[in-house]
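Subject: Structure handover

Hi,

Here is the structure I promised you. Please open it alongside this email.

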Amino acid sequence: MNQVRKKLRAEYAHERGITGKGITVAIMDTGIAPHPDFGGRIVNFRDFTQGRARMYDDNGHGCHVAGIIGGNGRMSRGTYAGMAPECNLFAMKVLDRKGNGNTEQVLSAIDYVIENREKYEIRILNISVGMLPTADEAEKEHLMQAVQKAWNSGIIVVAAAGNNGPKENSVTIPGQCKSIITVGSIDDYMTQGKGLHNGYSGRGPTECCVVKPEILAPGTAIRSCSRRNSYEIKSGTSMSAPIISGAIALLLQKYPNLTPAQTKLRLYERAVVLKEAGEREYWGVVYLDRLL
């Protein structure tokens, strides 16, 4: 597992001037706080829960996710920099302080991303939230259609697989969408943390017999930005997804003309299968040197 984390260290790219600069990543989560590690790169904030104009995160989950994607490590002198420390962040608050939300707000946020794709040069949408496969069928269908619409518009959608594994068909919605990139945790056996259990990462295949998640990344004990201008540790596939979103931001800086389909194909072709993943059906993990 240390090998995986070493291969994912973004210093490989940063030393070569690949930092995600010019790439905007949209994040649907609990909001974002003006952490020093984000500098002046939060290009937009929209609150779909209470309609507040000033950016905030009353939970901390969204700030942590944003730090994994694009924190520059300023407060830690570079120790806790994110994957793409010069990317732009387009933050949308769709979950309240308890991490709850409703489908209507999420759908509105996805439409908002699509509407502003060209204006803010949004290339990636990170979704570290989801609903269980047992949720209302109509709501599930609407959410799946929305992420497919975003994908078709040219936005690379990256979703967490959820923390309801290890049973089959335990990937959350919208991670079950066939087109998008779904990310699980490769180190989900290492934790006994609050609310999590060994093998927590959502598993496929889906009801439509699609391999999900396609890609695995570290998700346990990830240190990133907190909403109180410091750092904290969190675990879950919510942490795995932004690692891949940040990696894709680096990839798009180097190869800006890649389409969502081409990006997904490259992830497939460059993935590395590791025995640590056991019997899981998946493409592999991302090593930045191979990806870039």
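Below are notes on a helix pair, the cysteines and a hairpin.

First, a caution: this is a predicted model.

Helices. Two packed helices are described by the angle between their axes and the distance between the axes. Helix α3 covers residues 61-70 and helix α7 covers residues 237-254. They pack at about 35 degrees, and their axes lie 8 Å apart. The crossing of α3 over α7 is right-handed. On the α3 side, the contact uses His61, His64, Val65, Ile68 and Ile69. α7 contributes Ser238, Met239, Pro242, Ile243, Ser245 and Gly246. By type, the contact residues are 6 nonpolar and 5 polar, with no charged ones.

Cysteines. A disulfide is a covalent bond between the sulfur atoms of two cysteines. How many disulfides does the model have? The count is 0, with a cut-off of 2.5 Å between the sulfur atoms. For cysteine 63, the nearest cysteine sulfur belongs to cysteine 225, 5.5 Å away. So cysteine 63 is in no disulfide, because 5.5 Å is not within 2.5 Å. Its relative accessibility is 0%, so cysteine 63 counts as buried. Cysteine 87 is in no disulfide either. Its nearest cysteine sulfur is again that of cysteine 225, 11 Å away. Cysteine 87 also counts as buried, because its relative accessibility is 0%.

Strand β8 (residues 222-225) pairs with strand β9 (residues 231-234). The pairing is antiparallel, over 4 bridges. Serine 224 sits opposite glutamate 232 of β9. Between the two strands of the hairpin come 5 residues. There, asparagine 229 has a positive phi near 55 degrees.

Best wishes

Methods. Residues are numbered from 1 along each chain as its sequence is written. This is a predicted model: local features need pLDDT of at least 70, side-chain atom pairs count only at pLDDT 80 or more; totals for chains, interfaces and linings use all residues. Side-chain values use heavy atoms; hydrogens and water are left out. Axes are lines fitted to C-alpha atoms, for helices over the stretch in contact, and angles run from 0 to 180 degrees between N-to-C directions. A crossing is left-handed if the near helix is turned anticlockwise from the far one by less than a right angle, and right-handed if clockwise. Contact means heavy atoms within 4.5 Å. Ala, Val, Leu, Ile, Met, Phe, Trp, Tyr, Cys and Pro count as nonpolar, Asp, Glu, Lys and Arg as charged, and the others, Gly among them, as polar. Buried means under 20% relative accessible area, exposed over 50%, partly exposed in between (1.4 Å probe, protein chains only). Two strands pair if DSSP finds at least two bridges between them.
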